[in-house]
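Please read the following account with the sequence and the coordinates at hand.

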Amino acid sequence: MDGKVASSPYAWPCEGPLDASSTALIIIDMQVDFCGEGGYVAQMGYDISLTRAPIEPLRKVLAAARAEGIRVLHTREGHRPSLADLPANKQWRSEQIGAG
C-alpha cells in the first residue's frame, strides 16, 4: 500500500499517506433490519436491493483494509429490551407494520 487511494480529482488523502496504525474503517448499520430479508426495512415494504447494494463493494473494501492491517469497526443500531430509548417516531412506524 503506497498510502494513497486513486481518486478524482486528486489522490486521497491529500495531506499525506494513509497509515494502518492511525486509520480505521467504520462500517455503519449493515445489519439485518436494514439489509436483510424479513428485516425492518423489508417489513416496511421498501425495496431492500437499495440497502443491499453496498454489501459487495464493502466486502472488497473490508478485505483490502484487513489485508493492510487497518482496524475495522462495525456499528449497529440497537435499543434496550424495554424500548425505553426508542424514539416515538420509530415506535409509530413499527406499529404501522404490526411490529410495535
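Gln31 counts as buried, because its relative accessibility of 16% falls under the 20% limit for that class. The model is a predicted one. Gln31 sits in the loop between S1 and H1. Leaving aside residues up to four places away in sequence, Gln31 touches Gly36, Thr75, Arg76 and Glu77.

The loop between S1 and H1 also holds Asp29. Asp29 is not a glycine, yet its phi is positive, at about 60°. Most residues other than glycine have a negative phi. Asp29 is partly exposed, with 25% relative accessible area. Leu83 likewise has a positive phi, of about 65°, without being a glycine. The loop that contains Leu83 is the one between S2 and H5, and at 41% relative accessibility Leu83 counts as partly exposed.

The next element to look at is helix H4, which runs over residues 55–67. The helix has 13 residues, and the distance from its first C-alpha to its last is 18 Å, close to the 18 Å expected at 1.5 Å a residue. Which residues of H4 are buried? They are Ile55, Leu62 and Ala65. Viewed down the axis of H4, the buried residues fall within an arc of 80°, so they line one face of the helix. The buried residues of H4 pack against S1, helix H1 (32–35), helix H3 (49–52) and strand S2 (71–75). On the face of H4 turned away from this buried side are the exposed residues Lys60 and Ala67.

Just after H4 comes Gly69, with a positive phi of about 80°. Ile70 is located in the loop between H4 and S2. With a relative accessible area of 12%, Ile70 is buried. Its C-alpha lies 4.6 Å from that of Ala20, although Ile70 and Ala20 are 50 residues apart in sequence.

Now consider the charged side chains. Side chains of opposite charge can pair when their charged atoms come close. How many salt bridges does a search of the whole structure find? The search finds two.

An α-helix has 3.6 residues a turn, so residues three or four places apart point the same way. The two partners fall into separate accessibility classes: Glu56 is partly exposed at 45% relative accessibility, whereas Arg59 is exposed at 52%. The limit that matters here is 50%, because exposed means over that value. Arg59 can also be placed against a residue elsewhere in the chain: the C-alpha atoms of Arg59 and Gln96 are 37 residues apart along the chain and separated by 34 Å.

In the other salt bridge, the side chains of Lys90 and Glu77 meet at 2.4 Å, N to O. Lys90 belongs to helix H5 (residues 88–96) and Glu77 to the loop between S2 and H5, so the pair ties together parts that are 13 residues apart in sequence. Lys90 is partly exposed, with 23% relative accessible area, and Glu77 is also partly exposed, with 25%. Glu77 is a residue already named above, as one of the contacts of Gln31.

Which residues make the nonpolar surface patch of about 280 Å²? The patch is made by Ile26, Ile28 and Leu73. Ile26 is placed in strand S1, which covers residues 24–28.

Technical notes:
Residues are numbered from 1 along each chain as its sequence is written. This is a predicted model: local features need pLDDT of at least 70, side-chain atom pairs count only at pLDDT 80 or more; totals for chains, interfaces and linings use all residues. Side-chain values use heavy atoms; hydrogens and water are left out. Patches are made of residues with over 30% relative accessible area and no salt bridge: like charges are joined within 9 Å, nonpolar side chains (Val, Leu, Ile, Met, Phe, Trp, Tyr) within 5 Å. Accessible areas come from the Shrake-Rupley method with a 1.4 Å probe; for residues, only the protein chains shown count as cover. A salt bridge is a side-chain nitrogen of Lys or Arg within 4 Å of a carboxyl oxygen of Asp or Glu. Helices (H or I, at least four residues) and strands (E, at least two) are DSSP runs, numbered from the N terminus. The expected span of a helix is 1.5 Å times one less than its number of residues. Buried means under 20% relative accessible area, exposed over 50%, partly exposed in between (1.4 Å probe, protein chains only). The arc is that of the directions from the helix axis to the C-beta atoms. Contact means heavy atoms within 4.5 Å.
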